Amino acid sequence: MAECGTLALAGAAIDSIEAGERALFERLLDRLAPGMLLLADRHFPSYDLYTAAAATGAELLWRVSASFALPVKKRLADGTYLSELRGTKRTERVKVRVIEYSVADDDGVSEVFCLITTLLDPETAPALELARNYAERWSVEVLFKLVKVDLRTSGSVLRSGRPEGVRQELWALLCVYQALRTLITRAAVIAGADPARISFPPVLDAVKSSVRTAFSP
């Protein structure tokens, strides 16, 4: 879980491949709080997970797949509509606002995006603004690349052959990433710049050089 603006980590959960993403996300629910807007892709939505996340007080903006049945309960003036997300029991119903849109690209028009949100009022949360916000979710892919590629040595194989060692190394990588991201954000604040405008690799190189100098004989 990461912030879109700074790409700083807000939380992480690690387990074997047998643990699914939804199960790992449940371990991060305590990281959510009122005042947050949580974006999630279409692999996460379910009635149980959505209601559990909403119960934290955070607002949600999640993409859903075409398999979700979202009956139109009320059409809103901005073209969005109110619906309900359903659980397995008849009493399990939660109101959601549905935003459907497509994006024009070089080859024409993209697939239809379908978002559900806890932000039900189009006056305070315009559909276009939410769609633009959701597009920022893809910035987390940059974080994955930085941790998987930039912070790891060539060969991209973790050194430990034991689960405990693998976990330790993964947490170490995340700690280093967070330290560098904090440095970038503080530098951006001092310079009055957008943290996203400061490239991560040069900062990593500068820190490596500084460490080598500090510990050289």
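This section describes the sheet, the helices and the salt bridges of a predicted model.

Residues are numbered from 1 along each chain as its sequence is written, and side-chain values use heavy atoms, with hydrogens and water left out. Because the model is predicted, local features need pLDDT of at least 70 and side-chain atom pairs count only at pLDDT 80 or more, whereas totals for chains, interfaces and linings use all residues.

Helices (H or I, at least four residues) and strands (E, at least two) are DSSP runs, numbered from the N terminus. Strand E5 (residues 93–105) runs antiparallel to E6, to which 8 bridges join it. E5 and E6 form a hairpin, with 2 residues between the strands. The pairing of E2 with E6 is also antiparallel and covers 3 bridges. The bridge partner of Arg63 in E6 is Leu115.

Axes are lines fitted to C-alpha atoms, for helices over the stretch in contact, and angles run from 0 to 180 degrees between N-to-C directions.

The axes of helix H4 (residues 140–150) and helix H5 (residues 163–191) come within 10 Å and cross at roughly 120 degrees. H4 and H5 are therefore oblique to each other; angles under 35 degrees count as roughly parallel, over 145 as roughly antiparallel, 65 to 115 as roughly perpendicular and the rest as oblique. Leu143, Leu146 and Val147 in H4 meet Leu173, Leu174, Tyr177 and Arg181 in H5.

Side chains of opposite charge can pair when their charged atoms come close. The structure holds 10 salt bridges, each a side-chain nitrogen of Lys or Arg within 4 Å of a carboxyl oxygen of Asp or Glu. One of them links the side chains of Arg63 and Glu111, at 3.1 Å from N to O. Arg63 lies in strand E2 (residues 59–63) and Glu111 in strand E6 (residues 108–117), so this pair ties together parts that are 48 residues apart in sequence. Arg63 is buried at 5% relative accessibility, whereas Glu111 is partly exposed at 43%; buried means under 20% relative accessible area, exposed over 50% and partly exposed in between (1.4 Å probe, protein chains only).

Lys73 forms a salt bridge with Glu84, with 3.9 Å between the closest N and O atoms. Lys73 lies in the loop between E2 and strand E3 (74–75) and Glu84 in strand E4 (residues 81–86), so the pair connects parts 11 residues apart in sequence. Glu84 counts as buried, at 17% relative accessibility. Salt bridges that share partners join Lys73, Glu84, Arg86 and Arg93 into one network. A further salt bridge is formed by Arg162 and Glu164, the closest N and O atoms being 4.0 Å apart; Arg162 counts as exposed, at 58% relative accessibility.

Key:
Pairing = 2+ DSSP bridges. Contact = heavy atoms within 4.5 Å.
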